[in-house]
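Please read each point with the sequence and the model at hand.

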Amino acid sequence: LKRSPCGRPRRRGLIGDLRAKGAAMAARLVDASGADAVVGRSEGYWLSDSDFVSTQEACTARTLGSVGFPRDWPNVYTSNKPLKSLIGKKGRCAGKKVGVVGAPLPEELDQVGGLTFQRLQSFSNAESVQRQSGFPVVQGWAVFEHLDLPVGAAFVAERYWWNALPEGKWVDFTPRPAGWSEMLLAEAAGDASKAKAVLAADELEILRHLSRERFGVDLAAASSSSSAPAPAPAQRAPAAPAAGGDTRSSVPAAYRDLVERIKRCEAGAVRELEEKLKGDEELAVQIAGANLAAPLSDLLKDAVTCEDALKLVLLLSDAAVGQRNVDVANGMIDAGIVPQLVRLLSAGSATQQELAAACLGNLCHESPANQDKLKKHDPFKPLADLLGAETGPAQEAAYAIWNLTVGHMENSERFVRLGVVPKLTELLKSSSDVAQENAAGALMHVTMTQEARNEIVRCNAIPRLTELLKDEFEPEVSSQAAGALLNLASDCTEYADKIVRAGAVKPLVELIKSGQSLAKEYAAGALMNVMRDKLEVATEAAKAGAIPALAAMLSKPSGVAEALGALANLASGSSERQIAIYKAQVTRRTVALLTDPDEDTRRSAAALMMNMSPQAKIKERIVEAGALKPLAKVLTDSDAAVKERAAGALANLFNDHAANVLAGFKEAPEMIPSLVAICADEAMSHDARRQSAHALAMLAAEDGPVDSVWAAGAGPPLVALLKDRVAEAALAIMNLSWRWPDVKADLAKSGVVEYLMALLERGGDDPLAKEYAAGGLMNITAGSPDNAELAVRAVRPLVDLLKPTEGYMQAAEWAAGALANITRVGEAPQNEAVDGGAVRRLADLLPQVTPAGRSLVVLALTSLAEHHKDAIRQVLSGPKESATVKDFRRSTNEELADYTHTLADKLGMDIA
């Protein structure tokens, strides 16, 4: 498992005395009319401490910590005392009806067209819907779990309103944080009403805190004289487009004169506008749309006005990055600003170089199209050279390189050829945290090329990147260092080992426990990659507390795929860790994520299901959590890796568990044709086809599904896999051929006997392949002398299997069963078996075999007794062997007793 190397740089820290480092994205708070909310004036529904009721003592709106959808749902609803004390019938926020509500569907949004919905204002949102569409308001509570505490320890109810559609379905139009795909809502049994009030300063602080915590966006109340526009809504229902008009109409009146002066290339107006726009990103983006790019491009050409223009270009492009508005960058590129910026990288002063590099980074931020546009102006060498300059220009050159290389292989390769890796590695040692962050971010993304990865290792960057993970460095720095290690370890055991030897495992786990969201995501991805196929590393990570930390991430808005992947690698090959992961109560959440829209999340969820399901104690719990239906669904996923891992999960869940097989067939019979399709698809990986054959083998072992497996056309693809010596195909053939003579005949006509013998003879060091081949020969020859004649060549390899290795007794038993069938055809195969030592080996098996294998050994001896009575009578005359045969004759298993009696009669022995 690995995370895609195409990550995203966070919005960079700001430099010098021009800007405040790490400024958060800002948004305005509005009242119900859409006007700017003003403390002491605006009336509306504002969240306050009284709207939060927690089972955690002394908890307020600003001390909630991390909250999210209740873990272990729905079990927690019926079994958890703290939750019952909150929303039970006698709870503090008693609920009369509870429901899990997802985001509104497109057709539901269509019914409220034109409305704008605000974050953290469910009360006014719900009332607006009722006024326009008539959908009644449902008053109640949004119920969350305190995710920072142990599972099930504490919950909080937040006063919350939503709407009900005419058919009674609940729908919630209030915008949610990215990770809250579902919310638990409880309709109040009592009073959950709320009165409008004038916005107080304390309520504003609560809203600002919640906005930062949940959306990563700050809120600011406007003054009474503010002329800034209302914020762009987080979620808007469709509305008719506005008519076009003069660009002046989009600029607030207080700024129109400044804009016009800039269009006349007045330098004083540039400085004045830059000063006024500081700290107001939304307004800056709005004004940037007033065709300022062309005059700013002209101003950049003039040595006198260049620096002032650069500062304004940087402020506007910074705001566009913060507001995720690519139109500003597109406009600047179209106006010809890029050539001026590239020129200044070499010809400008140190300050101008710093500003120009920062602007270039902003212009291609998270925009592949703009990366290509900038590439045409060849900024590569000037930026590479700038890395060797003083800290200010160097750190912004690193920022530009970072943004130019995200997901762009060609750009990455060009920078690497220009020697940026040693310079970026050196910049990691800077005392500037911005330089450290930007250098690590750039290194994270140039690692898309193998040449760069080799160079990073050659420059000995791994120890420094590992050091930057520690909490003594800025969180943003640690995030990007973790990202660089994530990509460096991706699909490279050698580099993963170097990262482990540098001591990265424990600090990575610590980042997962207490880092920022991005740090948690990258650290989980790095841990996932260094643990891949490394049991000792997984053990170290588990001891450091990785499992509960990763489990907690599954309820977060980001890093879910990485956390699932790391848990999957922790689960691999360790029953102890599989149980620990199960006890962390991730099962139901993982099942839900199997059908997540994100491809990486589906991959990792399926991998975790696959790696947990070999554990016998967990199989049933996974099935009880509802895994079978979604696993069957993703067998037809658009992503091949998801299909492969889903097939593997089903194979593990079904292996040696008849109840799970029958449950799968009952709940999702459509899985059978999907598994057959994977087996038949030569474009699928070997492992995917092998796992699908294994799942089909388990289904074919049971009376109900076996006919459906054959009817779905499993025969030809399984025969083709068997011809390629895929062991699991032999197991499936074994189980298909036991039931119906016509199925056995069809399989034999396809060359199955020859393919089974080839697998038996050339299975090499794979005892499981030989075991399945023996089982297949046993069933394909049972009751079929013609097939037994075809299998005579298998006698000697089958005799060799009669001496079991540790853990493979079933192989010896199935070999005995196959010999019983094949040696019946004549004296020659019996002689071959006896000459190979079959008699002694079968006698030695008598006291060792499982109850299921006893009859097979007795039948084999009976077949050989046709021409070798004396040899068999001799080996069975020993005290141990004689006692065992007598026990078999007296067995309560009537079939075994009858077979033993037949053997004794043929030998003329008295074993009464």
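1. The structure, which is a predicted model, holds zero disulfides. Cysteine 364 illustrates the reason: its closest cysteine sulfur belongs to cysteine 359 and is 11 Å away, which is too far for a bond, since a disulfide requires the two sulfur atoms to be within 2.5 Å. Cysteine 364 is also buried, with a relative accessible area of 0%. Cysteine 459 is likewise in no disulfide, the nearest cysteine sulfur being that of cysteine 492, 16 Å away.

2. Elements around the largest cavity. At least two lining residues come from each of α4 (122-133), β8 (155-164) and α5 (201-215). The largest share, three residues, is supplied by β8.

3. Helix α4. This helix deserves a separate look. The buried residues of α4 are Ser122, Phe123, Ser124, Asn125, Ala126, Glu127, Ser128 and Val129. These buried residues pack against β6 (116-117), β7 (137-146) and β8. After α4 comes glycine 134, with a positive phi near 80°.

4. Helix α22. Is this helix, residues 475-489, largely enclosed or left open by the rest of the structure? It is largely enclosed, because 14 of its 15 residues are buried. From first C-alpha to last, α22 reaches 21 Å, close to the 21 Å expected at 1.5 Å a residue. Just after α22, aspartate 491 takes a positive phi of about 55°.

5. Asparagine 735. This residue lies in helix α40 (residues 727-736). Its relative accessibility is 10%, so asparagine 735 counts as buried, the limit for that class being under 20%. Leaving aside residues up to four places away in sequence, asparagine 735 touches Ala697, Met698, Ala700, Ala701, Val706 and Asn779.

6. Backbone features in loops. Tryptophan 73 and proline 74 are joined by a cis peptide bond, with omega about 5°. Proline 74 is placed in the loop between β4 (67-68) and α1 (75-79). Arginine 324 is not a glycine, yet its phi is positive, about 55°. The loop between α10 (306-322) and α11 (326-334) contains arginine 324, which counts as exposed at 61% relative accessibility. Glutamine 585, also not a glycine, has a positive phi of about 60°. Glutamine 585 is found in the loop between α29 (575-583) and α30 (587-593), and with a relative accessible area of 32% it is partly exposed.

7. Serine 349. Where is serine 349 found? It sits in the loop between α12 (337-347) and α13 (350-363). Serine 349 is partly exposed, its relative accessible area being 34%. Serine 349 and alanine 592 are 243 residues apart along the chain, and their C-alpha atoms are separated by 55 Å.

Conventions
Residues are numbered from 1 along each chain as its sequence is written. This is a predicted model: local features need pLDDT of at least 70, side-chain atom pairs count only at pLDDT 80 or more; totals for chains, interfaces and linings use all residues. Side-chain values use heavy atoms; hydrogens and water are left out. Helices (H or I, at least four residues) and strands (E, at least two) are DSSP runs, numbered from the N terminus. Buried means under 20% relative accessible area, exposed over 50%, partly exposed in between (1.4 Å probe, protein chains only). Contact means heavy atoms within 4.5 Å. The expected span of a helix is 1.5 Å times one less than its number of residues.
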